[in-house]
Amino acid sequence: MEQITAEDFQVVDSCLIIRMPEEIDHHSAGMICQEADRCLVREEVRNVVFDFVRTRFMDSSGIGIIMGRHRKISCFGGRVYAVHVDRQIQRIFRLSGLNKIVEVLES
Amino acid sequence: MKNEMELIFDAVSDNESFARVAVAAFLTHLNPTLEEMADIKTAVSEAVTNSIIHGYGNLEGLEPGGEGCPVNPGKVRVCCSLEDGMLHILVEDKGKGIEDVERAMEPLFTTRPELERSGMGFAFMEAFTDELQVESAPGQGTVVRMSKKIGAEDQDAGSGI
């Protein structure tokens with residue numbers, strides 16, 4: 001399985017863009033959270049964009065990742081966005097109530 | 001037609017994808033829809049992850065024999081049976097068990113908030129299958145049973161074969 005690398009985390013105009021891996025589960029979640037938090041501390045980040053273009057599988061671990069990052073940036077007025085969200089991910093967002101805190105962008 | 005399979009594997013997070021992919025492969029000949037397949041994989045992933053982190057307390061990012069991995073991580077057992085288009089999945093661990101099953105099944109409830117997980121594991125298992133049963137007691141491990149009708153969506157159009 002393709003692993004996520006530092007290159008998948010980019011800061012553009014105070015926006016952290018995370019290219020999510022093919023499979024988002026508990027195994028891959030730790031690394032994503034660690035690397036994302038490193039970027040949040042090091043760089044001036046206001047908003048976070050989760051890009052699901054590669055993602056073929058996600059379980060509730062993905063919800064934890066997004067909720068956790070939202071908690072960290074929302075106190076500074078930051079927002080979380082998601083792009084390239086397929087039907088299954090959309091369902092998971094709805095089911096968990098995450099669609100209330102994450103804005104899904106067309107692309 | 002009846003078909004059964006059983007998997008026993010080390011309770012390490014690297015095996016989460018193995019477990020869900022194996023279950024998905026087991027039911028491919030029933031021609032499940034993409035959605036049914038995704039539902040099953042998510043439900044299995046939730047149950048297996050619970051066994052690994054809550055049952056045995058094994059954190060993420062561990063690979064068998066890798067750094068930080070316990071010598072005896074414990075085992076997770078996954079059994080599947082298919083009968084008349086119905087998939088039954090059992091996920092069992094011999095870990096520490098759950099004190100209050102009803103409470104554990106509440107959405108957003110978690111005993112380990114420091115892990116930054118969503119507390120949605122059981123809610124997802126419930127939402128993505130037709131039936132969910134959890135048996136557990138402290139020190140006795142946990143058994144999760146899930147059932148889902150495969151091919152239910154085009155049941156009326158099917159020829160019954």
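Q: Across which strands of chain A does helix α1 (residues 26–42) lie, and at about how many degrees to β2(A) does α1 run?
A: In this predicted model, local features need pLDDT of at least 70, side-chain atom pairs count only at pLDDT 80 or more, and totals for chains, interfaces and linings use all residues. Residues are numbered from 1 along each chain as its sequence is written, chains are lettered from A and ligands numbered from 1 in the order in which they are written, and side-chain values use heavy atoms, with hydrogens and water left out. Helices (H or I, at least four residues) and strands (E, at least two) are DSSP runs, numbered from the N terminus, while axes are lines fitted to C-alpha atoms, for helices over the stretch in contact, with angles from 0 to 180 degrees between N-to-C directions. Helix α1 of chain A lies across β1, β2 and β4, and the angle to β2(A) is about 160 degrees.

Q: Which strands of chain A does helix α2 (residues 60–74) touch?
A: Contact means heavy atoms within 4.5 Å. Helix α2 of chain A, whose direction makes about 165 degrees with that of β4(A), packs on the sheet and touches β4 and β6 (80–83).

Q: In what order do the five strands of the open sheet in chain A stand?
A: Two strands pair if DSSP finds at least two bridges between them. The edge strands, each pairing on one side only, are β1 (9–12) and β7 (102–104) of chain A. The pairing in this sheet is mixed, and the order is β1-β2-β4-β6-β7.

Q: Which residue of β4(A) is the bridge partner of Ile17(A)?
A: Strand β2 (residues 15–19) and strand β4 (residues 47–51) of chain A run parallel and are joined by five bridges. In β4(A), the partner of Ile17(A) is Val49(A).

Q: Which residue in the turn of the hairpin of β2(B) and β3(B) has a positive phi?
A: In chain B, β2(B) and strand β3 (residues 86–93) run antiparallel and are joined by eight bridges. The hairpin leaves two residues between these strands, and the turn residue with a positive phi, about 50 degrees, is Asp84(B).

Q: Are helices α2(B) and α4(B) roughly parallel or roughly antiparallel to each other?
A: The axes of helix α2 (residues 34–55) and helix α4 (residues 121–128) of chain B come within 9 Å and cross at roughly 150 degrees. Angles under 35 degrees count as roughly parallel, over 145 as roughly antiparallel, 65 to 115 as roughly perpendicular and the rest as oblique. The two helices, α2(B) and α4(B), are therefore roughly antiparallel.
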